[in-house]
Each structure stands twice: as C-alpha cells, then as structure tokens.
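Please look over the sequence and the structure below before reading on. The report then goes through the structure part by part.

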Amino acid sequence: MTELSNLYACFKYLMMFFSGVIFIAGGVLFGLGLWIKYGAGSFIQFFCVVSIIYITEVVGAVLIFIYKDIVESVVRNTSRDSLMNAYAGPVATDTISQSWNLIMLKYHCCGFDNYTDFTGSQFSNSTGLSYPKTCCVNLKEPACDGKNMKTTLIHAKVGTMIVSAVLFVRIGQPRKED
C-alpha cells in the first residue's frame, strides 16, 4: 500500500512540475507575441505583472506556512461553525449542506471530527437525529437511521479534510454582519 501511495505522490509532483513548465512556456509565448506585435514596452509590462503575481503567490504560501497554526485554527472554527449552524441535512438544497454532504460522502467521514459534531447542531435540533444519513458506511443499511450509534454503521475517519472543508464550505457563503 505504501508503494502505491509513493507512486501517487511521485505522479502528483510530476504533474505539478509539468503544469508549471506548460504555464511558463505559455507565458513566454504570450510575452513574445506581445513583443512582436507591440514592441518591447508591452513585453516588459507583461513581465512585471507576471512577476508581481508570482511573488504574491510565493509570499502568500510562505505566510500560510509560517502561520499554519493560526490558519488551521481559523479553518477548524469556521468549518465547525458552518456544520453547527448552517448544515440542514442530506436532502437540503443550500450550498453549505450540499458541500458537507459531498465531503462526507467523498472522504467517507462523519462531520469534522466524528458524529458527535452534530450534537446540538441545527440539523440535530430540527430532525432529532444524532447524525445524517451521509455518515453511514452503507447508505442503504436500515439500521443506520441517525440514532443507532454502532461504530460499524458510521464512518469513523477523523479530521482528514481541512482544506476540502474550507474550499467547499466557505466558497459562496455570505459573510455574517455582526
């Protein structure tokens, strides 16, 4: 199994490398096209804009790495808050609920840490269930009814999707005015 994960990691880095090469080649070709059509001034302007964008991305990545504990704390708190206050269940049509359902189904997990994340949540208070159907190992299992707490029925993965939770749950969520 570790050989397979090492192979996937190798492919991931190779794909990132080749994506970077293709991006740089595209930028060079675009810049050369500007230079040929409009002269050296446009090429220098294009180079400066691309350089600023690249430097901004590098600085952002370094800051996230330096302040990763703060970033992780903000991500956890925001994700839990959306799960507690905005998640309405597996049949809800709002963006937050659909996003959480997609995450739980795709990553085979239940909530952010486990099924107890739903205790006292909007979902639990409105339905009387302890966890949604998307937490079930087998979605067609009749014993997995939202009240049966057997660990064999509920996904047990813990906190494996911090980045995914931010990408799926926070995108499109309107900011609350205090």
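## Overall make-up

The model shown here is a predicted one. Its secondary structure consists of 6 helices and 0 strands. Written in order along the sequence, that gives the pattern α-α-α-α-α-α.

The protein has 178 residues, and 24% of them count as buried. Its accessible surface is about 12400 Å², and carbon and sulfur atoms hold 68% of that surface. Among contacts with a sequence separation of 6 or more, 52% are between residues 24 or more positions apart.

## A glycine in helix 1

Helix 1 covers residues 2–38, and G31 is found in it. Is G31 buried or exposed? G31 has a relative accessibility of 0%, and because buried means under 20%, G31 counts as buried.

Once the neighbours within four places in sequence are set aside, G31 is in contact with F43 and F46. Another phenylalanine, F47, is 16 residues away from G31 in sequence. In space, the C-alpha atoms of G31 and F47 are 7.3 Å apart.

Helix 3 runs over residues 68–85, which makes 18 residues. From the first C-alpha to the last, helix 3 reaches 25 Å. This is close to the 26 Å expected at 1.5 Å a residue.

Which residues of helix 3 are buried? They are V75, S79, S82 and L83. Seen down the axis of helix 3, these buried residues fall within an arc of 100°, so they line one face of the helix. On the other side of helix 3, D69 and I70 are exposed.

## The disulfides

How many disulfides does the structure hold? There are 2 disulfides in the structure. Counting the bonded cysteines along the chain, the pattern is 1-2, 3-4.

One of the disulfides joins C110 and C135, with the sulfur atoms 2.0 Å apart. The angle about its S-S bond is 80°, and the link of C110 and C135 is right-handed. C110 lies in the loop between helix 4 (95–107) and helix 5, while C135 lies in the loop between helix 5 and helix 6 (162–170), so the pair ties together parts that are 25 residues apart in sequence. C110 and C135 are both buried.

C136 and C144 also form a disulfide, and here the sulfur atoms are 1.9 Å apart. The link of C136 and C144 is left-handed, with -90° about the S-S bond. Both of these cysteines, C136 and C144, are buried.

## Two further cysteines

C109 is in no disulfide. The nearest cysteine sulfur to that of C109 belongs to C110 and is 7.5 Å away. C109 is buried, with a relative accessible area of 1%.

C48 has a relative accessible area of 38%. Partly exposed covers the range between the buried limit of under 20% and the exposed limit of over 50%, so C48 is partly exposed.

## The aromatic cluster

A search of the whole structure finds 5 aromatic pairs. One of them is formed by Y87 and F118, whose ring centres are 5.7 Å apart with 55° between the planes. This pair is tilted. Y87 lies in the loop between helix 3 and helix 4, and F118 in the loop between helix 4 and helix 5, so the pair ties together parts that are 31 residues apart in sequence. Y87 and F118 are both buried.

F118 also pairs with F123. The ring centres of F118 and F123 are 5.9 Å apart and the planes are at 70°, so the pair is edge-to-face. F123 is buried, as is F118. Together, Y87, F118 and F123 form one aromatic cluster.

## A serine in helix 5

Helix 5 covers residues 122–127 and contains S124. S124 is buried, with a relative accessible area of 15%. Apart from its neighbours within four places in sequence, S124 is in contact with F118 and L129. F118 is also a member of the aromatic cluster with Y87 and F123.

Conventions. Residues numbered from 1 in each chain as written. Predicted model: local features only at pLDDT ≥ 70, side-chain atom pairs only at ≥ 80, totals over all residues. Heavy atoms only, no water. Helix = DSSP H or I, 4+ residues; strand = E, 2+ residues; numbered from the N terminus. Buried < 20%, exposed > 50% of the residue type's maximum accessible area, 1.4 Å probe, protein only. Contact = heavy atoms within 4.5 Å. Disulfide = S-S within 2.5 Å. Expected span 1.5 Å × (residues − 1). Arc of directions from axis to C-beta. Phe/Tyr/Trp six-rings, centres within 6.5 Å; stacked < 30°, edge-to-face > 60°. Areas by Shrake-Rupley, 256 points an atom, 1.4 Å probe, with all protein chains shown as cover.
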